[in-house]
Amino acid sequence: MRIGIEGINVGGYTDEKAKSGATVILVEEQNNTVGISQRGGSPATIGTDLLRPRHRGNQTVNAIVLTGRSVFGLRVVDAVITKLFELKIGYKIGEDLRIPIVASASIFDFYDNAILPTSEWGYRAMENLSKEIPIGKYWAGRGATVGKLKGIKYAKPSGQGYYEIENDNLSVGVISVVNSIGNIYDESGRLVAGEESEEFIVNNVLGTTLGLVITNAKLTNSDACRVASSAENGFASVIRPYNLSLDGDTVFTISTNQIETSVDKVIFLAYEASRKSVLSIFR
């Protein structure tokens, strides 16, 4: 699947031995605005506070990193930050120093093994940046599963999704990494992945859905946070249940600030694109 929004490139790495990986989204446009919605009870994140309202004056980033391996995914983030530093990409401080601004969120995918990520994951992801994003069991979505209401042994394969909507000159795309405890239902309510049951055995089962809304709309930080929240609403409409206490659900928004439009239009399209992004994994 190709990302059609200018100024955004993606790269990734899949470690087949670990059955995990990482997805990196690089923002070429320095005049970007970023926001966040974080409803999950147990997030594994870094660099997210500066994306919220009432923090620093300009909420911009150089990259967003989505990874597997829970908090150990921070090893991948360190490598991405180091590579950006080497490329002299970041917030300029003084004549020769730039500080890369990177936010990240991880899923828990220690289901088949306990292999930890290495810095190579981050470096390799930065080597293959392009406009193409694979759908399915790739990159950060490699070890993702869904339908764990009755326990991990009932889990069904999931992965990474993407869907983009164009309306006039406005583009809104959503990357999803779906590793939910809940089942997946299509827009008509039909079960797509998982197993319906009255049993609810989720003790010590961790689930997380990660998302990134990409748009060329001009947004404020508050708007970007609201758009990310709308994408979470879209996720919740096809992932049930969603936002449990051991979920790390986190959604980012990046706006490249190129198109004047109504924020409500972006909110609506983010809701629709997020639903279709999840369902793209299961088609």
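Predicted model: local features only at pLDDT ≥ 70, side-chain atom pairs only at ≥ 80, totals over all residues.

Residues are numbered from 1 along each chain as its sequence is written, and side-chain values use heavy atoms, with hydrogens and water left out.

Let me begin with the sheet. Helices (H or I, at least four residues) and strands (E, at least two) are DSSP runs, numbered from the N terminus. Two strands pair if DSSP finds at least two bridges between them. An open sheet of 3 strands runs in the order β14-β13-β16, and its pairing is antiparallel. Its edge strands, each pairing on one side only, are β14 (191-193) and β16 (239-240). Strand β13, residues 183-185, joins β14 over 2 bridges in the antiparallel sense. There, I184 stands opposite A193 of β14.

I turn to the helices. Helix α3 (residues 221-238) packs with helix α4 (residues 263-280) at an angle of about 35 degrees, their axes being 8 Å apart. Axes are lines fitted to C-alpha atoms over the stretch in contact, and angles run from 0 to 180 degrees between N-to-C directions. Contact means heavy atoms within 4.5 Å. Residues in this contact include F235 of α3 and Y271 of α4.

Finally, T209 lies in strand β15, residues 208-217. Is T209 buried or exposed? T209 is buried, with a relative accessible area of 1%; buried means under 20%, exposed over 50%, and partly exposed in between, with a 1.4 Å probe and protein chains only. Among the residues that T209 touches, leaving out those up to four places away in sequence, are F235 and I239.
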